[in-house]
Amino acid sequence: MTDREAIDCRGLTKRYGDRLAVSAVDLTIHEGEIFGLLGPNGAGKTTILKMILGLVRPTAGEIFVFGTKAPCPEVLRQAGAMVEKPSFYPWLTGRQNLQVFLDSGPPGSPGAIDRALAAVDMTEAANRRTKTYSQGMGQRLGMAIALLRSPRLLVLDEPTNGLDPEGIRDFRQLMLRLSGSGVTVLLSSHLLSEVERLCHRVAFLSRGRITDLRSVGALQGSLEEIYLAAMDSQTEVAR
Amino acid sequence: MIRLVRAELRKAARPLVGAIALGLVLAAATFAWQQQALANQEVGFVNSSLSTPEGIAASAGQPQIPTCDQLGLPPGPQCDQVIARAREAYQAQRDAMTHQADAYRAAVHTAAVQQNPLGAGQMAAWMFASILGAIAVFLLAAGQFGGEWTGGTIATVLTQDSRRWRLLAAKLISLLVLAEGLLLLTWAVLAALAFLFQSQYSMPASNQVSAAEAVAVAGPLLARSLLVTAAFCVLGVLAAVITRNALGTLLLALGGLIIWMALVLIHPLVYVSVGYWVSGWMGFTNDGFSSGQLWSGVPSGVSQPTELLGLVGLVAVVLVGVVVSTIRFQRLDIAA
């Protein structure tokens, strides 16, 4: 992990009609860092990820990725993403899906598909149509899509959903390896243990606001308490 | 851009596209068969003296114009009016017979062109510039673009490249390429059927057309159908970015087009009807047998649409549709 900023969000706000999904979020993530966004459903985690990726337009605020104002093609050239439940073209094989997504953006390096498949242990199943995939296999293929262009930044939304324990362990090892090689990872999750074992820092979100932000090392077992407090806060508002 | 279009075309390797192709081929074969059967019935009449102006005059007989005495009316304006009406009725009857003969002649000529593999493309061009072509293109647009939202793949596609106009352009180009591919397939099937028609519904030598004549008939129609298909592609893409799902794309595009076509029935609005424009651009008339009849229904008193009006209308559809789609797509949030 370095001191250089990978992501810098300033006053990030998103409003859908009357509903405030994200409210004046300031967030800085460093290169090589694994950063976790924690919070209950509807807290604004996915919206923040989507704004960073240019899928959702911020109502206010600015986002800089590696010093470049997002959204722009240069930012996505350096990013890999898996947002929400990974979706594919079910009539195509895993490999064909990867080829379609690779051709949908800047060219990858030679052998990019094979490397991405190998990284998520999907080489053997690559020639099967994705409609035959289990949820866990779909999650792995979604991860392979994110890795296609050897990104400097990975943005992952609930990346371990549907993975079996072995898959979760493989995923954790992959993230740590990538982080070690300088890749920045921003992930959202419900799984406290996953965040605790993987992330360098974590932000707690409730009602579109960051309620707490600290390094995992400084949590000293209070992760669950903070998370539950965020949940309570959101539930009270819902009532 | 070529890679992006290639990616879009890869996505088309799906059962939906096969089903559309099958439907189009069956429809084209059915139309062509009907056309041959009709022409086969009428070729004798068309080649006889009965279809000539003299023959029609002989069939219509002498005009039965009564005198004022026979009408029991005194000579004067009232009698003149009745006689004028009788003359008009006689003339209308002769015009109808001439019109019918022309229609049969056109049908036989069309069938003759259809019996030449090179000319068989005319039926394919007609179909793709008709409501059948529109349905095919809208189904493609629903699957290829609206389906990106329904299947949830749109977010993954847009995280590969943030320049949405490029994706929109690739969608449009790939839709046009797919539609033209289907047109060529339809033409190929009709060309194969042409040999069958030649043997089953053989025509007298005087009615047969040369390869050069067949190309001269089909070529311009095929070229013109390209603009109509492009307009359908733009409408399909526009419907996709408005509804953001596969079924909505199909329903909005098709419903909108049918309503737009129906304007042809409202006299002052006929000139802004897409049906009127397509008829003008493709040279469709209400005569004879053609898939162009799917656009017919111009009310009496309205002049046949001109080629220029058709061109201007369809180009406007393409340009306005592209601009609106781009603005809309650019501003869309890809929410859950």
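The report below takes up the interface and then the nonpolar cores.

## Basis of the model

This is a predicted model, in which local features need pLDDT of at least 70 and side-chain atom pairs count only at pLDDT 80 or more, while totals for chains, interfaces and linings use all residues. Residues are numbered from 1 along each chain as its sequence is written, chains are lettered from A in the order in which they are written, and side-chain values use heavy atoms, with hydrogens and water left out.

## The interface of chains A and B

Contact (heavy atoms within 4.5 Å) joins 29 residues of chain A to 30 residues of chain B. Together the two chains bury about 2700 Å², 56% of it on carbon and sulfur atoms, where buried area is the accessible area (1.4 Å probe) lost by both parts on being put together, summed over both. A:Leu55, A:Trp91 and A:Asp103 supply 25% of the area that chain A buries against chain B, more than any other three residues.

There are 4 salt bridges between the chains, a salt bridge being a side-chain nitrogen of Lys or Arg within 4 Å of a carboxyl oxygen of Asp or Glu. One of them pairs B:Arg6 with A:Asp103, whose closest N and O atoms are 3.4 Å apart.

## Nonpolar cores

A nonpolar core is a set of buried Ala, Val, Leu, Ile, Met, Phe, Trp, Tyr and Cys residues joined through side-chain atoms within 4.5 Å, buried meaning under 20% relative accessible area (1.4 Å probe, protein chains only). In the largest core, of 155 residues, A:Leu154, A:Leu156, A:Met175, B:Phe138 and B:Phe329 touch the most other members. A second, separate core of 9 residues includes B:Val43 and B:Ala214.

Note on methods. Buried < 20%, exposed > 50% of the residue type's maximum accessible area, 1.4 Å probe, protein only.
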